[in-house]
Amino acid sequence: MTSKSAPCVFTLILSCLKFCQVHSLLIMVEGHSVHRLASAFRTKLVGRKFTASSPNGRFVDGASAIDGRVLSRMEAVGKNLFAFFRSEEAIHTGVASDDGDEDVVVVHVHFGMSGAWATYDTLVEEEPDVKPTTRLRLEEITASTKATEKRAVRKSVIANNTAFVTHLSAMTVAHGNTSLYTEKKSSLGEDPLRTDADPDILYQKVFKSKKSIGQLIMDQSYFTGPGNIYRAEILFLAGVHPVTPGKMLDRPTFDRIWSATVKLLRRGYDTGSILTVDANADPKVAARGERRYIYNKSNCARCGGRVSSWDMAGRTCYACEGGCQPKMKAESPIGGVNGHEVVEVSKQSTNSKKCKQERQQHVPFISHCALISYQQRLEQCGPEHLTIAELRSVMEQLVRARHGDSPKSDYENTAIYALPPKSARKSVHVEALKSMLEQQRLQQHSKKIVKEEDKVSSRSSKPLPPPLVSAEDAAREKALSGENRAVEHIAELSREQAVRATKSAVTPSPAVGARVGKIVTKSDGKKNQKKKKIRAADETGLRRSSRRRLNYDS
């Protein structure tokens, strides 16, 4: 290898590493996100006429087929989205149904890991430049081509003063007639967010399968919509171990799994996030700020038992084997009307070496799809599980807490402030933080005085209900909780829209508004007290009125 080619090879390797690093942050767009996007399009775009183009040239034929047509219908089936386009003439003739109509063009979208279908109202925001990944651009055909006038906020004006543009980036974008939709839908399983889902049909398929229930939930021809995070949490709530074969599930056990699936995906649809901890069922768990029970955890958030992890068909599978999902003898309803064949789940025969691997207690990694706060990782796993930036942040917080309001120049050269250089290895930062934590522990131990007022003030407040419904609220919620916006992202928003949403003010939820209305200080006059309560009530009403509901098309 020549000296000139060495830099090129190095650059190529570096680019590959950056590519892998970025794509390791991403997770498949889940079913609840696809349903949210379908609902948003029904509200904003269905019934409007569009011009279509393919900026990156990868959907030229499809864009030509729908150019100048009206978006007439949106359907979501699991992780698949279908947009129906009809000609204006067909709509005026009064043809009521899209099914079987030769005039209809169906666009099938599967977002993959990082897809999005962003909508821009050009009367309110400027349309950004298309990206290399933009496969389809739609622009609304309006009576007036001038879209510079700002619209009023009143709903009566909003309905008439809009000029929508959409940018679609996705792994799969295909077009065809209505058979594209019917054939794809028939190949998929039951979608828990659709009213036409039939759990009876699904149970018959599951009961005939020798695959484990952990594999079946990830198989879109059985359960349509859930992904890996949902699998872990659904089976946890149902109390079923993932290795249990489908043929060993009796109907009550299957019903618990299906009920948990419907419940969690509906909550994901309503909130825009995968939030599986139920504040009503587990108030103590929710009070700690936990979002999930076992996914990427070493200990169960509910019972504290050990969480095991192992590979199942190329994806990490989780189970609380300490008490919530124990491996035990299961009864398979095969032997007759009242007879049961007893089978040991943990000793089922298999030719797969992966299923025989020894399972160890899961050690949480630095995840970007279900990010655990650095405080939790520091407390549960130690400094080794923090990044260098987080290690330095904790050390700086400890120093500031120690010196209070003293100017930085008074202590920046002292031994205790001597942080390692930023270029130092992670092991050096870990040892420095351990030393600081030990000094802090000794100082706290030497005082031995803890006032009762401090105990009361340090208690966690009652957890608030999750932020509700809009895509912007969901993006804000993820940012506040520490979850990376690139993972389990909002498919309704572009990256720029999501960033903008996180920087804007968060609208208080009903719980916050109600609590604010009750807080009255002695120094406030009666007029101020009344204004505060009215303002809180208005905020509560706005939040309740903006709550989205599932909107299914028959």
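Predicted model: local features only at pLDDT ≥ 70, side-chain atom pairs only at ≥ 80, totals over all residues.

Trainee: How many salt bridges does the count come to?
Mentor: The count comes to 20 salt bridges.

Trainee: Let's pick one. Which residue does K79 form a salt bridge with?
Mentor: E30. The closest N and O atoms of K79 and E30 are 3.8 Å apart.

Trainee: Is K79 buried or exposed? And E30, buried or exposed?
Mentor: K79 counts as buried because its relative accessibility is 11%, and buried means under 20%. E30 is at 3%, so it counts as buried too.

Trainee: New topic. What does R73 pair with?
Mentor: R73 forms a salt bridge with E75. Their closest N and O atoms are 3.2 Å apart. R73 is buried, with a relative accessible area of 11%. E75 is buried as well, at 2% relative accessibility.

Trainee: And D196, which side chain does it meet in a salt bridge?
Mentor: That of R194, at 3.0 Å from N to O. D196 is partly exposed, with a relative accessible area of 39%. R194 is buried, at 12%.

Trainee: Which residues do shared partners join into one network?
Mentor: R73, E75, K185, R194 and D196. Salt bridges that share partners connect them.

Conventions: Residues numbered from 1 in each chain as written. Heavy atoms only, no water. Salt bridge = Lys/Arg side-chain N within 4 Å of Asp/Glu carboxyl O. Buried < 20%, exposed > 50% of the residue type's maximum accessible area, 1.4 Å probe, protein only.
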